[in-house]
Amino acid sequence: MTDVLLRTGGLSFAYPQRSGLFRRRILRDVIKRVDLAVPRGSVLGLVGESGSGKTTLGRLLVRLLEPTSGGIQFDGIEIGDLDEADMRPLRARIQMIFQDPQSSLNPRLRLGTTLTRPLSVHGRIKGRRQQRERAAALLDLVGLPADFADRYPHELSGGQRQRAGIARALALEPDFIVADEIVSGLDVSTQAHILLLLKELRARLGLTMVFISHDLSVVRVLCDDVAILQHGEVVEYGPVARVFSAPQHPYTQQLLAAIPLPDVEPGWLGEQPTVVSQQQGSAA
């Protein structure tokens with residue numbers, strides 16, 4: 001039996017809105033009855049056009065948003081209705097890499113402080129020496145030099161900031177990560193380096209991930225399964241090879257027809273020069 005790390009059942013979310021002359025409160029459905037199962041060590045791709053609800057669903061999975069209805073089970077624990085006090089012990093195991101590292105990294109903090117603050121909050125490090133050592137190790141993990149710990153986010157390139165965002169997500173050694181469009185704002189070369197880094201980290205650390213993207217070619221190479229989202233509903237879901245080769249839903253067919261997929265040779269991502277090194281980390 002497959003070891004499922006994260007599962008959702010009938011997961012729904014609605015934003016409260018006010019409408020009409022007397023500003024009557026209504027709910028706008030954004031995520032509608034989503035059922036997912038993410039096996040331990042696998043990568044699930046979330047695909048859909050802008051406004052389909054991908055980011056909202058990702059935030060629900062890490063409990064940055066509270067579901068309107070339905071459930072979320074993480075490692076056998078129902079977390080969908082946990083309050084923040086009960087959710088706090090699980091935060092270290094569930095992390096998110098945000099789309100825009102420029103806005104998600106505190107501009108007033110040096111990277112070393114940003115990377116190690118979660119460790120301090122959870123009582124895993126004490127003292128300046130441990131802070132410096134752990135920051136250096138995290139930077140090395142994502143291919144950045146140790147002296148970047150003294151830099152501010154604005155002193156880094158876009159690719160370097162995204163590496164720092166990945167390092168922060170990995171600081172607490174999580175079991176599950178949601179990566180939200182993490183290469184969408186980067187040039188093609190830097191995208192390849194970041195994706196290879198993610199692939200290497202997945203293999204090395206045994207990460208389980210949900211990878212949100214609009215790039216179908218990347219999803220086909222990086223992900224094991226894919227869920228196609230349309231207006232907050234999963235209209236097609238299954239192994240990447242099956243969904244991409246024989247799409248069943250008209251919306252999936254339209255997506256694939258609108259963005260023709262190039263023939264991707266097996267192992268193309270692994271053939272790129274390794275990026276987990278300080279020299280390349282300082283350039284990308």
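Colleague: Which elements are included in what covers the buried residues of α10?

Modeller: This is a predicted model, in which local features need pLDDT of at least 70 and side-chain atom pairs count only at pLDDT 80 or more, while totals for chains, interfaces and linings use all residues. Residues are numbered from 1 along each chain as its sequence is written, and side-chain values use heavy atoms, without hydrogens and water. Helices (H or I, at least four residues) and strands (E, at least two) are DSSP runs numbered from the N terminus, and buried means under 20% relative accessible area, exposed over 50% and partly exposed in between, with a 1.4 Å probe and protein chains only. Taking contact as heavy atoms within 4.5 Å, the cover of the buried residues of α10 includes β3 (43–47), α8 (216–222), β9 (225–230), β10 (233–239) and α9 (240–245).

Colleague: How wide an arc do the buried residues of α10 cover around the axis?

Modeller: Helix α10 spans residues 250–258, and Tyr251, Thr252, Leu255 and Leu256 are buried in it. An α-helix has 3.6 residues a turn, so residues three or four places apart point the same way.

Colleague: Which exposed residues does the face of α10 turned away from its buried side carry?

Modeller: The buried side holds Tyr251, Thr252, Leu255 and Leu256. The face turned away from that side has the exposed residues Gln254, Ala257 and Ala258.

Colleague: How many residues of β3 are buried?

Modeller: Both faces of β3 are covered, with Val43, Gly45 and Val47 buried on one side and Leu44 and Leu46 buried on the other. The strand is largely enclosed by the rest of the structure, because the buried count is five of the five.

Colleague: In β9, which residue is the bridge partner of valine 47?

Modeller: Two strands pair if DSSP finds at least two bridges between them. β3 pairs with β8 (residues 208–212) in the parallel sense over four bridges, and leucine 46 has isoleucine 212 as its bridge partner there. β3 and β9 also pair in the parallel sense over four bridges. In β9, the partner of valine 47 is isoleucine 228.

Colleague: Which residue in the turn between β9 and β10 has a positive phi?

Modeller: β9 is mostly covered, with five of its six residues buried. β9 and β10 pair in the antiparallel sense over six bridges, and valine 226 stands opposite glycine 238 in β10. The two strands form a hairpin with two residues between them, and the positive phi in the turn, about 50°, belongs to histidine 231.

Colleague: Is arginine 63 buried or exposed?

Modeller: Most residues other than glycine have a negative phi, and most peptide bonds are trans. Arginine 33, in strand β2 (residues 24–39), has a positive phi of about 50° and counts as exposed at 55% relative accessibility. Arginine 63 lies in the loop between α1 (54–61) and β4 (69–74), and its phi is positive too, near 60°. At 8% relative accessibility, arginine 63 counts as buried.

Colleague: How far apart in space are leucine 61 and isoleucine 72, C-alpha to C-alpha?

Modeller: Leucine 61 belongs to helix α1 and is buried, with a relative accessible area of 1%. Leaving out residues up to four places away in sequence, leucine 61 touches Leu6, Thr8, Leu11, Ile79, Ile94, Phe176, Val178 and Val210. Leucine 61 and isoleucine 72 are eleven residues apart in sequence, and their C-alpha to C-alpha distance is 7.1 Å.

Colleague: Which residues lie nearest the centre of the largest pocket?

Modeller: On a 1 Å grid over the protein atoms alone, a pocket is an open set of points with protein on both sides within 12 Å along at least five of seven lines, a cavity is a set where a 1.4 Å probe fits but cannot get out, and lining residues have an atom within 4 Å of a point. α2 (84–91), β6 (94–97), α4 (111–121) and α6 (158–170) each supply at least two residues of the lining of the largest pocket. The lining has 15 residues, and those nearest the centre are Leu64, Ile94, Gln95, Met96 and Phe98.

Colleague: What is the volume of the largest pocket?

Modeller: Grid points are joined across faces, edges and corners, and a volume is the space filled by probe spheres set on the points. For the largest pocket, the volume is about 370 Å³.
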